[in-house]
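Please open the model in your viewer and keep the selection tool at hand.

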Amino acid sequence: MRIDEVAHALGRDWQSGQALAARFGVTRAALWKSIERLRAMGLVIEASRTHGYRLAQPPDWLDVGQIRSSLRPFPACPRVELEMAFEIDSTNSALLRDATPATAPKVLLAEFQSAGRGRRGRHWRSPLGANLYLSLRWSSDRGIAGLGGLSLVTGLAITRALRPFGIAIRLKWPNDLWIGQDKLGGILIEASGEHAGPCRVVIGIGLNVRMPVDAAQDIDQPWTDLARAGAAPLDRSRIAAALIGELLAALQRFEVDGLAPFLPDWEIHDALRDLPLSVHLGEQHIDGVGAGIDRLGQLQLCTDDGMRVFASGEVSVRPRRVHP
Ligand code: BTN
């Protein structure tokens, strides 16, 4: 009995434990173990002695066939390799481990990540069937040195992808997706290869779609998801296809022209411009007001001592409360 088959067999209607166990040819105890495992993965399963099991809100499971066909209108993706995992440690880690020669861009999506990774060593909550967790591997000739600004380009591709779904997001430099000042998602970029030659980049995107409240309990910053933002209808496969399509188009442009053509669009989506900010560099912090980005994609901060510029590497930026 595969855990994904049990998950897919559950729906809005009650099904008795006996019938489910018989369907998979296992004991009720073995079925119960799978149910518990799915619960631990974040699926909200109702149980009743008399009725059996059901899902209060069945996920719209990702459908690779649908993603592939929704990708057709995007001209940039004729050769993209698409893979789907029901569960994985981290889609970024899996693509970084994958040593097969990269002949085409590869996308890996997962329904659940047991060790989803965020920036700065943080854990990325990845409950089953709730949100989008996807990574795209791209081969670039720009060299690692030429990838500055790639998280900004990725963020802008995501703004374009979400617009047709009625979702307007803003970008918090360098890699957060915001609605208001609540985090809707984030980007994790990891590269390997030559400083000034061929390199491989893995771009990971986590986007909250319908985050179950239980799974979000220990998130240490204000967050939101597409459902709370009023997006409807929420079809994760279509959203995934739009993300992949827009991202590939943006990457093709970035590969040739770099960050320059994206700068005007950043100005429109920059969530930090004119905001009082505190930039943290290890133990030190510098206060100022967001003043956009420079041509390299670095954050500009207007401080009492003049303009300061920060690369995305190891700084963290927080909006600052200003007391009147
Ligand atoms: C952040 O805001 O800290 C970045 C979050 C990136 C999360 C995504 S989910 C898909 C991919 N796989 C991972 O382990 N992380 C990224």
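This is a predicted model: local features need pLDDT of at least 70, side-chain atom pairs count only at pLDDT 80 or more; totals for chains, interfaces and linings use all residues.

Selecting its surroundings brings up 21 residues, of which the closest are Ser-90, Gln-113, Arg-117, Arg-119 and Lys-183.

Next, select Ser-90 and display its side chain. A polar atom of that side chain lies 2.7 Å from an oxygen atom of the ligand. Move to Thr-91, where an N or O atom in the side chain is 3.1 Å from a nitrogen atom of the ligand. Then select Arg-119 and show its backbone: a polar backbone atom of Arg-119 is 2.7 Å from an oxygen atom of the ligand. How much of the ligand does the protein bury? Taken alone, the ligand exposes 420 Å², and the protein buries 98% of that.

**The largest pocket**

The largest pocket has a volume of about 1000 Å³. Its lining comprises 45 residues; to find the centre, select Arg-122, Asp-176, Lys-183, Asp-220 and Gln-221, which are the closest to it.

Which element gives the most to the lining of the largest pocket? Strand S14 does, with 5 residues. Colouring the lining of the largest pocket by class gives 16 nonpolar, 16 polar and 13 charged residues.

**The second largest pocket**

Proceed to the second largest pocket, which holds about 710 Å³ of space. Of the 33 residues in its lining, Leu-147, Gly-148, Gly-149, Leu-150 and Ser-312 are the closest to its centre. Helix H6 (150–162), strand S8 and helix H7 (236–257) each supply at least two residues of this lining. The largest share comes from S8, with 5 residues. By class, the lining of the second largest pocket divides into 16 nonpolar, 10 polar and 7 charged residues.

Finally, select Ala-29, which lies in helix H3 (residues 28–40). Is this residue buried or exposed? Ala-29 has a relative accessible area of 52%, and it counts as exposed because the cut-off for that class is over 50%.

Methods
Residues are numbered from 1 along each chain as its sequence is written. Side-chain values use heavy atoms; hydrogens and water are left out. On a 1 Å grid over the protein atoms alone, a cavity is a set of points where a 1.4 Å probe fits but cannot get out, and a pocket is an open set with protein on both sides within 12 Å along at least five of seven lines; lining residues have an atom within 4 Å of a point. Grid points are joined across faces, edges and corners, and a volume is the space filled by probe spheres set on the points. Helices (H or I, at least four residues) and strands (E, at least two) are DSSP runs, numbered from the N terminus. Ala, Val, Leu, Ile, Met, Phe, Trp, Tyr, Cys and Pro count as nonpolar, Asp, Glu, Lys and Arg as charged, and the others, Gly among them, as polar. Buried means under 20% relative accessible area, exposed over 50%, partly exposed in between (1.4 Å probe, protein chains only). A residue is near a molecule or strand if one of its heavy atoms lies within 4 Å of it. A polar contact is a pair of N or O atoms within 3.5 Å; within protein, one must be able to donate a hydrogen and the other to accept it, and residues adjacent in sequence count only if both atoms are side-chain atoms. Accessible areas come from the Shrake-Rupley method with a 1.4 Å probe; for residues, only the protein chains shown count as cover.
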